[in-house]
Amino acid sequence: MSTPTHDPHPEDRRTPGTGSANPGTDPADPTSPGSDPAGQGPASARDSADAPGAVDADEPPAGGSFARYFLRKLGGAATSMILVIVLGFFAFRMLPGDPVLKIAKERPMSPAQIAELRSQYGLDKPVIVQFWDYLVGIVTGDLGESYVYRKSVSALIGEYLGPTLLLTGTAAVIAIVLGLWLGQISAWRRNSLFDKLASSTSLIFWSVPTFWLGLILLMIFGGTLQWLPTGGMITPGLDPWSFAGIIDVITHLILPVVSLVAVVYAQFLMIMRASLLEEMNEDYLTTARAKGLTEDEVRRKHAVPNALLPTVTVVFLHIGGLIAGAVTVEAVFSWPGLGKLTFEAIRGPDLPLLQGTFVVFSAIIIVMNLAADIVYRFLDPRVRRA
Amino acid sequence: MTDLQFEDVSITYRSSSTRGDVVAVENVSLDLPAGATLGIAGESGSGKSTLIMSALRLLPKSARLDGRVLLGGQDVRELSFGQIRAVRWAQASIVFQGALHSLNPVREVGQQIIEALEHHSKGTWTTPQKRQDRMFELLAEVNLEAAKSSAYPHELSGGQKQRIMIAMALACEPDIIIADEPTTALDVIVQKQILTGLARLVAERGISLLMISHDLAVLSAVCADLAIMRDGRLVEFGPSDEVCLAPREDYTKQLAGAFPQIGDPESRLRPKTQRPAEVARAEPFTMTDEVVLEAKDLSVSFDTRRGRERAVRGVDLVLRKAEILAVVGQSGSGKTTLARSLLGLQEVEEGSQRSFAGKPLPRKAKALRTFRRQVQMILQDPAGSLNPKRSVYEAVVEGLRVQGIRDREYERVVGALEAAELTPAEDYLESIPQELSGGQRQRVVIAGALALDPQVLIADEPVASLDASVRGEILSLFLALKKNLGMSALIITHDLGLAWNIADTVAVMKSGEIVEYGEVDRVLSDPQHEYTQELLAAVPRLGSQSLVRNE
Amino acid sequence: MSADTPAEAGPGSPSNGPGPRGSGPRGAAPRGANPAVDGAKLVRERRLNNAKKNWALFRSDVPALIGAVVLLFFVVIAVAAPLIAPATMLDVTKQLDVPRYAPPSLDHPLGTDDLGREMWVRILWGARVSILVGVAATVMSMVIGTIMGLAAGHFTGLFGGIIMRLIDFFIVLPSLLLAIVLSSVLERGVFTIVVAIGLTSWASTARIVRSQTLSVESRLYIERARILGAGHRHILFRHLLPAVMPLVLANTTLTVGGAIIAESTLSFLGLGDTSKESWGTILKNSMDVSAATSGYWWYVLTPGIAILLVVLAFTMVGRAFEAIINPALRSR
């Protein structure tokens, strides 16, 4: 299909691989370089500089530019963002029927309050006008006013964004390093005791809800042993930029990070393990062995760099899951981040706030994926120059 | 210098499945004295690859080796892992099939050559600078620009990758080079370049060469001695001229038959086979003047990422009743696209004319479907052309069902299978494709087309993916279909020998254009166009180490 | 070119010119007896043999067997819940004499909750909703995912492109986030949870189906079907769907686990049906009374272990199915 190897599923990887490794052997494929009539295009012109008698009739053409790749990915991200925005409007303004009545059903309100809320939401205007106002609001950063906090949603999100980034960022780095490292050892020594232990542990972690793991950790280390704080980000009154403050934040960070990491690293381990196993029967490893490399060198220099490629895309996709996992973990540990804010908004129910956190969460994830696509291009020469 | 000896080698793969242990190689003894060139020919499953992997102890752990493999008089099994690593590439190196996945896709090819030098510096390539110089020197040896060293494998063509593999094999100045199907999947012209290059480099350095291939002609063009393997056993061994031109064993004769000498009247319209198809008509059909399928000024373009490309340019073709027309060209010449567009599977450019029996090709989906009853196509790979989950009956009946032909289904299927000479047809009806051999599968595919009673068969490389010994059978079936049923056929191939074997007329395609078109006898005996001459010259001939000596 | 006159005299079209050995299919007409019955028997035997082989493979996979037993156990207790523990045992007003927060003991095997209800009864009744939601949401997501994946893999051009983008969108956005949105704006209830999970979790199935469709689509037998004159319907239903079905079924088993976790998460966030027991609701209740920090460990532990067991069981069985379909995975 379109780009080589954006599809994150490891099984897909082979399709672009064989396609590019075998130029000119598939005349039925119109995009195959083989159907390039020789003598046309810059590639063949350059080839005439080759030594006489060795002109390659099947010289493959050069690859596309970075700008084009970037624009295509940017276009994809923009489409996703537009879908999020439309979905945000559709879900919060259209689906509930009358959002104000819905709020009114869950909290006692007088008719006057209802009317006031209604004009505040602009519900008395036609749908098209509402949608336009909503669009203008998003572009100007105005996401409406929270019903519960009585504050502007954008201000609230700005306030709570930092802690979430700190939590998910730390968890992501640890999970990636741990998962990829254990995954490659697991695959290389498959069916060893280490592999069996690592695989079954990760299966167990994969089979529990993130928040339950959080609750268990909270129970053991916060409740029973009382080694670590049970909630919040910092002990009130401490200056977060002082040394003691930083240590305090770190102790608050440990439990939520561990619960997030436990579930996600297991997925990374399984992905890394599967894609390395996939690489292990490849012919170029035989070439490397025939050259006299040790098994360790074969793994480090040849197998792992190839296995990392499909893994990277999947890993970045799962970061979205990690951010979603933050909703429950922040709720369990009262971590003052966007997840906690979402949790409060659900309990409200505070639809403007929920809409705001949804749009912001989605935007973060879409930007992360765009970044992943760009990083990927630098990692995989086949995407870079094909 | 180092000798390589296989002494009574047997290799068994232990398998946990119900089939038990699989014997891949059985009691093979072969000698490769220093400086010799030896070719091992065999079809898939003959054990030839397993045998050569044992020379450097590269077999998987599940393989058990009996007998002795001696490298320079030393049993490779007795070496420690460190010792065998030192021997690998320094004493004996392997040229793998470069066109496939033998190069690491994410590392620059120059680095992959240097890596070998780092492990076997032999006191010569001790510094990064020296290794880099050596790498450039090697690239020059195999006629590649220095700039290619920073290319990734996917940026190179099949021929270029193969040359990188050869450069890499030469890097540490080994005594023995083992070449594993070095030209499979390459075009004949590129193949000739690679083979002559390899033969020259090996001869200059006095390196001994052990080459394996399924292609007897390729081996005999380069190697002085030939060994034929089948089902893990050595069938025949001798000087390559003797083995190719005066084979003793039936099996060798079959293999050699797959490479007709173009211009040899004995093989003209007579593919060599042990099992020729039956011609039952007292007066077999021969080529007529009645035009069945015609193309005028046919052009096809594709939109690709690099802009619009014309795959077929202004082709004029005529297929008459009971004519076999061979369209010969290298991969990328547009011949498959041409075939697909004749079938209406491919959009053509404005101004292209295609007609069947005097009427232009229909455009609407429904009319096209009816048209396809008349013109059928056989695809390249019979294994892929059959749904692995469907039985032979279901495969043959598919066309009838799709076309809405409901009456006498069973008789039609059996009749088609018998016309394709898969007899007795009843025995095969419920087989699934995996239970059939390559030749049988191709017969099922042909029967599937015949069930619709077509007037024209278009075949895309009908024998390219089959073992050489089956080739003659299938080709003779095409001849028999023409003679018995008066069927016309357009056969797409890269193999000039095939045209010589069965075709009435031949069209030579290059870069989407037909450069030469006419009767087979005339075109192949007296080629006018430069490209046809080049193609003919590149076809490896049996015996006489032609590529080595002609240089 | 040379033209042979005798041949010209031959039939103009093969359809009316039976040669001595019969022009193709027609010559075989006299073969009257219809041994197709034999054929049907052979097919049946082949299927039976396949089933036997697969069962033998499954049986040799010990974790999958254990998983199947665990699943069977939970399904039985879920179905039989009203018989084992009548609904009155959940009625708070009838539990006034039962101690609250009683730790597990002989009298209260899994302990009691903040309202004096037996934990084991809640787990029993919770199994009904949790498993039902898991299976129903999975079925919904499988149907959507299969249709979308097939369409994205088979159709090219604008239509295929739009579906591709849609799949990409749902892959990038975590389904939990979308499910939160959906279930918070719709009426609370079990059906809403099913829809919220089913509508948002199909993308990974669609991706797997799409990649399988693409790989099948590139096989020559699809091209051959086109040559024989087949249209989209024939190719989609005769070749592509049968080829992706085994994969979808294995994937279903694996996805049920994910759906059960999603259900518990939504219920935990308070988006579930509060009037019905589910494992997620129990955990939400435990959180509401700060059971984790107050030492009521059984309140937190039991529902989580139930989730773990069922999800792990589904995963084990699913992996065994996957290994049967794809022998390449067996070594893993």
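What percentage of the 551 residues of chain B count as buried?

1. In chain B, 63% of the 551 residues count as buried; buried means under 20% relative accessible area, with a 1.4 Å probe and protein chains only. This is a predicted model, in which local features need pLDDT of at least 70, side-chain atom pairs count only at pLDDT 80 or more, and totals for chains, interfaces and linings use all residues. Residues are numbered from 1 along each chain as its sequence is written, chains are lettered from A and ligands numbered from 1 in the order in which they are written, and side-chain values use heavy atoms, with hydrogens and water left out.

2. Chain B has 21 helices and 20 strands, taken as DSSP runs (helices H or I, at least four residues; strands E, at least two) numbered from the N terminus.

3. The radius of gyration of chain B, 25 Å, agrees with a compact globule, because 551 residues would give a value near 24 Å. That radius is taken over C-alpha atoms, and the globule rule is 2.2 Å times the number of residues to the power 0.38. The C-alpha trace spans about 75 × 50 × 45 Å along its principal axes.

4. Of the contacts (heavy atoms within 4.5 Å) in chain B between residues at least 6 apart in sequence, 71% join residues at least 24 apart.

5. Asn501(B) lies in helix H18, residues 496–502. Asn501(B) counts as buried because its relative accessibility is 1%. Leaving aside residues up to four places away in sequence, Asn501(B) touches residues including Pro260(B), Ser267(B), Arg268(B), Arg471(B) and Leu475(B).

Conventions. Buried means under 20% relative accessible area, exposed over 50%, partly exposed in between (1.4 Å probe, protein chains only).
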